Amino acid sequence: MTDWATGLAGGLLIGLAAAFFLLGNGRIMGASGLIGGLVDGSAGSRRLEGICFIAALTGVPALLQMLSAAPVSTGLTGNLGLVVLAGLLVGAGTRIGNGCTSGHGVCGISRLSLRGIVATLCYIGAGVVTVALLRLFAGGL
Amino acid sequence: MRILIAVISGGLFGAGLWLSGMTETGKVQGFLDVAGAWDPTLMFVMGGAIIPMAVAWRLTRGRTPLAGGSYPPSPPPEIDRALITGSVMFGIGWGLVGLCPGPAIASLSYGGTGGLVFLAAMLAGMWTAPGLRRRLDSRTGLA
């Protein structure tokens, strides 16, 4: 399958996951909210639910990697300083802004939430500028 | 029941991220690289994910969740400084290496040392966020 077709198929699975979480547990499937809630204790009585969600989120791709004839590689940069900086920004930014690609992007836009749409425009815009600057000054990605 | 639903959702989410290529940082940075060799895959992923969710939001009307409780309230319409600042910070980090929270967790088993370092830094960032946010709110007089 071509990239756009696997992208669309994978996207539908992500949307089904979010739909199931909403209709079943009445919650927004936002990765940063679920992880962050465990980090700062705001998950409260939903702690176990969050841990189980995250365990399956790691476990299923691990299983697919083992079964697949074409396992994927993240291709993450080897520059660990950059990785730490990016991790800090992603962690703090998603909690300050109340969401990430799944919460604001998928769950927010699909209910036409103004906050979700504005947040998505902000992080995509900032990402586009960052990648352009990386290209200009760091000689590529 | 709640736990079973969480496991199924988390598993489907992981399968979707893996299949769509969103745990591959090159595809994410390629989407953001509008001036270079632009890769539209992320747009298809997001579009594909929004379709079932738009249907799901319609199905919530006049109902309650299967496992009981209530649906999340409508989001407040206000666009505050925290939303903008946080999302811009997130976008910079996302652009720098091509990882966001979902894929960072989904690729943990095959992301190597770099993936673990990213996760540790992301958790540290999340840990500091409530304090940073309080500062931001008090500086702008929102607290």
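Start with D33(B) and R135(A), whose side chains meet in a salt bridge at 2.6 Å, N to O; the term covers a side-chain nitrogen of Lys or Arg within 4 Å of a carboxyl oxygen of Asp or Glu. This pair crosses between chains: D33(B) sits in the loop between helix 2 (25–32) and helix 3 of chain B, and R135(A) in helix 6 (residues 114–137) of chain A. Helices here are DSSP runs of H or I, at least four residues, numbered from the N terminus. D33(B) is buried at 4% relative accessible area, while R135(A) is partly exposed at 38%. Buried means under 20%, exposed over 50%, and partly exposed in between, with a 1.4 Å probe and protein chains only.

A word on the model: it is predicted, so local features need pLDDT of at least 70 and side-chain atom pairs count only at 80 or more, while totals for chains, interfaces and linings use all residues. Residues are numbered from 1 along each chain as written, chains are lettered from A and ligands numbered from 1 in written order, and side-chain values use heavy atoms, without hydrogens or water.

Back to the salt bridges: the whole structure has seven. One of them links E49(A) and R2(B), with the closest N and O atoms 2.7 Å apart. E49(A) belongs to helix 3 of chain A and R2(B) to helix 1 (residues 2–20) of chain B, so this pair joins two chains as well. E49(A) is buried at 4%, and R2(B) is buried at 19%.

D40(A) and R95(A) stay within chain A, at 2.9 Å. Their partners lie in a loop and in helix 4, so the bridge ties together parts 55 residues apart in sequence.
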